[in-house]
Amino acid sequence: MDQGLRNSSSRETTAHSSEERSKFEAGTSEQGLYGPDSLLVGASPHPPPPSTCFSRLADSFRTRSPQLYHVADRVVKYIRGPRPKVDLPNPVPLLGRTYNFKGRRFAIALEPAIIRFTRPFTVAWLFVLLVAAYIISFSFLVRAQWYTIPASSFVGCTSVFWTGDAGCGLDGSLCAPFSNSSFDFRCPAQCSSVVLQNPRVVGDESVDFVPLLVGGGDSQKTYRADSFICASAVQAGFFSDSTGGCASVNLVGNFTNYLPTTAFGLSSIGFPSVFPMSFRLSPSDVLTHCTDLRTPALAFNILITCLLFLVLRPKAIVTWWCLVCIGFWHIALFSQPQATPPPLDVAFGAFLPALFVCYGFWRVAVRFTLPLFANAPFEAMIWYLAPYWTGVLTNLTMDQIPIDRLTAADIKQQPGGVLALIIIVLILFVLVVNQIRVIRKTGWLPYYLGWYIIGGLVALVLALLPGLQFRLHHYIISMVLFPGVGFPTRLSAIYQGFLLGMFLNDVAAFGFDSILQTAADLVDGGTTGSPLPTFLTNSTTYNASVALANQTISWYGMPTAIATQGWNGFALLVDDVEVYLGTALNYSLAALEAGLPHFFRLAYAMDGTPGDFTMPVTLWPNGTWVDPLPGAS
């Protein structure tokens, strides 16, 4: 017969036994300096001679401030918890026990029924057979997802023909050809949620935290070449965002007056001037097998993990490794691949270290919790899998939280970022306080506090290193919190599931990024903080009576302090295209088309590489000159 969860005789499944936890201590004793009830704990159980210096200080403190001494003594005793250390009771199945309600007793026996019904399916040979069948089935899904069309046909959610600012070089030469070129492509699903992470200036507008879409509102649905190709195809109606799909893109060169539009949940902005490169979309007659299979793969993997808990019910450590492998490869191959198609060498490079870390999770926490639910498979499935898949799909479940990177600049520039951070901190505070309460009940709180204080001091030292920024990646948060959730409670099971999913999501999608990064590592297309030049021409000096073909704009020379930093030239953007790179202090507008607005941005250059550009100057067709706003673009 199956034993109830109250049975804790097995040392393998007894959570936080004193013998088990004592392996992690180093030389601490159960008695204090003056016995078990003393303020000073952790030293020898035999009191030292009263003549010692330490004893004299303690006696002096107790004599001079007896009230403060007793308050401190009570605080330390509370933090210390019970002595000797105790084990928390094992959780009793909620769906396998008897309840009393208004004098009546009734029993819920769902868990015993599941165990009794599924016992024939728990044999080892069947598990091995089903694992082999799963690997084969998953391989066919991966093949259908990535290897039935040419790899060159895949484009990412942020793929563009024209990169921002001066990324295409002088006159866009690095992004040629501008027209008479086409190719068929396939987009992944869920590209509508992939947005700009830093402000991007288009003409005189600044867009951020949306997919970059410029144009598409004319009858032929013409987009500027720096628009996200996949989001453009979704907005143009060639396939849905939930399934991805294929289309054909055709470069059409110069276009004037891109019109904004809104369709299929996406909005584009307009651009009233001319741009040298544009594209239009049409259905693909070449590519097949275009549907993104991440949603069917997700349903398949969720079903497998549910069967793992409810039907197959292997040993806890086997269940753990199944969760690690299924989650990692679902992220790496379906939900958040690092490239399209996924680079398997990069995935395996992160997989082996991830296995090592997950074994550490098992040793410090999971083995004290997961085995206790052996006789409550339905509960285990709920407590572990719901938060686990929430963590695995962090890119979707946390998508609406306006925080992408835990940096001050990122939080400030996102609308609602500060409020979201405050709410998250408050929720984490409540959860941490509750977990501290649980740990204190066992008597292990001083041990955990000691290690977390040491870790906090190390993090503080790292954060103060000059020239580097401390980055608390998701995988690091999981590694830090996992040791504190290894207790026989349902909340600990929930925490473990979510932290494992979040760890796998970060490692499989981004790898083990460094905890310390330079400012350049965090730019990601944003401004770098380089010095900004200043236009000499302004709204008061520009002569609107002179024809555009005879106009020249000027800027101030380079100050000596900036030249000594290595800056040795200027770069000028006209209508978001780099048109000048050199040392001159003026530029003729003779080549510009009259009757259109034009936009100018200026930057210092270092050996041909521009720094940050100014905010745009706007020159309207009627001759009105609008000076740039302060700051970089």
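Accessible area here comes from the Shrake-Rupley method with a 1.4 Å probe. By that method the chain exposes about 30,800 Å², and carbon and sulfur atoms supply 65% of that area. Keep in mind throughout that this is a predicted model.

Some overall numbers, then. The chain has 633 residues, and 44% of them are buried. It contains 17 helices and 22 strands. Of the contacts with a separation of 6 or more, 72% are between residues 24 or more positions apart.

Next, the annotation. The UniProt entry, which is unreviewed, lists "transmembrane region" for residues 123–142, 258–281, 293–312, 318–334, 346–362, 418–436, 448–468 and 480–504. I will take two of these spans and look at what the model does there.

Start with residues 123–142. This span is 95% helix and 0% strand, and its end C-alpha atoms are 29 Å apart.

Which residues of α5 are buried? They are Leu 126, Phe 127, Tyr 134, Phe 138, Leu 141, Val 142, Gln 145 and Trp 146. As background, an α-helix has 3.6 residues a turn, so residues three or four places apart point the same way. The cover over the buried residues of α5 includes strand β3 (179–187) and the helices α7 (294–312) and α8 (316–335).

Val 71, Val 75, Tyr 78, Ile 79, Leu 449, Ile 453, Leu 457, Leu 460 and Leu 464 form a nonpolar patch on the surface, and together they have about 830 Å² of accessible area. Two elements give two or more residues to the patch: α3 (66–80) and α14 (445–463). Leu 464 is in the loop between α14 and β13 (469–470). Is Leu 464 buried or exposed? With a relative accessible area of 64%, it is over the 50% cut-off, so Leu 464 counts as exposed.

Now the backbone geometry. Most residues other than glycine have a negative phi, and most peptide bonds are trans.

Two are cis peptide bonds. One joins Ala 176 and Pro 177, with omega about 5°; Pro 177 is in the loop between α5 and β3. The other runs from Thr 340 to Pro 341, with omega near -5°. Pro 341 is found in the loop between α8 and α9 (344–364).

The remaining two are positive phi values. Asp 165, which is not a glycine, has a phi of about 55°. It lies in the loop between α5 and β3. Its relative accessible area is 26%, so Asp 165 is partly exposed. Asn 257 is also a residue other than glycine, and its phi is near 65°. Asn 257 is in strand β8, residues 255–258. At 38% relative accessible area, Asn 257 is partly exposed.

Note on methods: Residues are numbered from 1 along each chain as its sequence is written. This is a predicted model: local features need pLDDT of at least 70, side-chain atom pairs count only at pLDDT 80 or more; totals for chains, interfaces and linings use all residues. Side-chain values use heavy atoms; hydrogens and water are left out. UniProt positions are given in the numbering used here, feature names are shortened, and annotations may be inferred rather than shown by experiment. Helices (H or I, at least four residues) and strands (E, at least two) are DSSP runs, numbered from the N terminus. Buried means under 20% relative accessible area, exposed over 50%, partly exposed in between (1.4 Å probe, protein chains only). Contact means heavy atoms within 4.5 Å. Patches are made of residues with over 30% relative accessible area and no salt bridge: like charges are joined within 9 Å, nonpolar side chains (Val, Leu, Ile, Met, Phe, Trp, Tyr) within 5 Å. A salt bridge is a side-chain nitrogen of Lys or Arg within 4 Å of a carboxyl oxygen of Asp or Glu.
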